[in-house]
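I opened the model to look at the ligand and what surrounds it. My notes follow.

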Amino acid sequence: MPLTIVGGGLAGSEAAWQAASRGVPARLYEMRPAQPTAVHKTDRLAELVCSNSFRGDKLDNAVGLLKEEMRRLGSLVMRAAEASRVPAGAALAVDRERFAEIVTGELAVHPLVTIVREEVTAIPESSEQEPVIIATGPLTSQALSAGLVSLVGQDHLYFYDAISPIVLAESIDRDKVFRASRWGRSLTPTGVVQAFRPADGDPEVRPKPDAMYESEAPACGIDDGAGDYLNCPFTSEEYQRFYDALVHAESATVHDFDKERFFEGCLPIEVMAHRGPDTLRFGPMKPVGLVDPRTGRPPYAAVQLRQDNLAGDHYSLVGFQTQLKWSEQARVLRLIPGLEEAEFVRFGTVHRNTYVNGPDVLFETWQVRRRPTLFFAGQMSGVEGYVESAASGLLAGLNASALVHGEPVSVPPRTTAIGALSYYVSHADPRHYEPSNITFGIMDPLGRPPRGKLERKLAMSKRALDDLAAWMEAYGLGNGQPSAERESLRSSARSSAGGGGASPASKERLSASGEGNP
Ligand SMILES: Cc1cc2nc3c(=O)[nH]c(=O)nc-3n(C[C@H](O)[C@H](O)[C@H](O)COP(=O)(O)OP(=O)(O)OC[C@H]3O[C@@H](n4cnc5c(N)ncnc54)[C@H](O)[C@@H]3O)c2cc1C
């Protein structure tokens, strides 16, 4: 079999699709269900283990741009996400079951993909005709981890992430919470963001966007600034009570808050709380851009709840990853106004994250420097996030296919989000390497940037899409334009998102479609 891919997560699934779309047969190894991980719950490929959000979906946001680039490159992950979309304002959130089902189904029926349910315990042999992609994720099995250590010649770096709890919708007190999008932004079916209109028209209480809060959303699902959320408003007394309980609550693991190494974009709430009484109010509990309709004013602090499945009966606490003991989570989180009687569908947990030091180990084509017929992709290659993991799988899949066809390997320029991510992973300072989400900050700056922040971001996105189109043309990957078929799939998924994601008709189109195939 020309291409071997180890790991059927977001990166491995995307890599297999890209290869098969280019006529390269791929064997995809996935160890579940025989060998489970600490966080996956099913045997499906591309299972989302925590948040159901792929974050922002507009071009004024770097992850929105990355997604658009992936769509133009024929990404399976993006197409499955469109088809399983649930309401989340300007973000792209999905019904996780349906999403994984679509990815698994598409690969299972593809004639060039063979799925093998088996743990790979040693790095397979590779050659130009038979390259290998390792995409085993943050929870790479122990046996393979040992092989990786000897290959890359160094101990794995590691840190901890934590996942957010989910509550049952019917257990939320609707008299206390209110539904609103931050800044009153909500995505219309046409993709236009609506302006904020305060209910009582009082200009004094109208919140203004504050640059401090406008950073791009980190991977662990902290509010991306727009969405249809349920908001739990706090008075200062309620916040104080909650804060005191949180900093005194018992953790599930031994704690030394200074020594543990968490990814800054995914800190457990108790770790944030230990940094100071107001840290949460400037993070996941920020009240800005929200107006409590009962008072006509922003609350002192707020917890946002995001719909987690299409049925709308599960809500996750946005940005509330935690490693408190489960009994302590129940006690402390029930101090949140509106969650006094909450029933927990899932508690937060702590987990390991395995990744290599990208700049030491990888070329920007995602090939291993010491062995260019071997590729790393996904979280273990040193990126952070669902979208970034899938994006790296996409390029690894394209380049592994190029090797098989005897063609040159390549990546899009650094003016594109996907090219910038590749460059960051392979060129950041290896002494202080930290996995990164995509941001405009790691892309090539504009020569003559427009004045306004929004205009600058849009100009970067326009340049990125133009440059991607040119790169795709040069490498015979199509013209880089959004296809009419995808546009129709997107609008059909959007218009049915309130009640059920992709229509049967659009699902059919998805399976029958040749989009992504050359
Ligand atoms: C608990 C947790 C929560 C996270 N939360 C978020 C979040 O909310 N948002 C976000 O954007 N990102 C999150 N991430 C980070 C990251 O984006 C995801 O882990 C993402 O799934 C990474 O994609 P991947 O393809 O690299 O790995 P995965 O999706 O984990 O896929 C790797 C696959 O390889 C398989 N595998 C492992 N070892 C072997 C082996 N030896 N042989 C065969 N198969 C093997 C695994 O079973 C798995 O299916 C989280 C990570 C973790 C661990």
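I take helices (H or I, at least four residues) and strands (E, at least two) as DSSP runs, numbered from the N terminus. This is a predicted model, in which local features need pLDDT of at least 70, side-chain atom pairs count only at pLDDT 80 or more, and totals for chains, interfaces and linings use all residues. Residues are numbered from 1 along each chain as its sequence is written.

Of the 39 residues around the ligand, the nearest are Gly7, Gly9, Cys50, Gly137 and Gly378. Two or more residues each come from α1 (10–21), β2 (26–30) and α10 (386–405). Helix α1 gives the largest share, three residues.

Position. The ligand lies between domain 1 (3–158 + 353–512) and domain 2 (166–348), because both give residues to its shell.

Helix α1. I call a residue buried if 20 or more other C-beta atoms lie within 10 Å of its own, exposed if 12 or fewer, and partly exposed in between, with C-beta atoms placed from the backbone. Twelve of the twelve residues of α1 are buried, including Trp17 and Glu14. Just after α1, Gly23 has a positive phi of about 80 degrees.

Loop between β2 and β3 (53–56). Pro33 is in this loop, and the peptide bond from Arg32 to Pro33 is cis, with omega near 5 degrees. Ala46 lies in this loop too. Ala46 is not a glycine, yet its phi is positive, about 50 degrees. Ala46 is buried, with 29 other C-beta atoms within 10 Å.

Definitions and conventions:
A residue is near a molecule or strand if its C-beta atom, placed from the backbone, lies within 6 Å of it. Domain bounds come from an automatic or database domain assignment.
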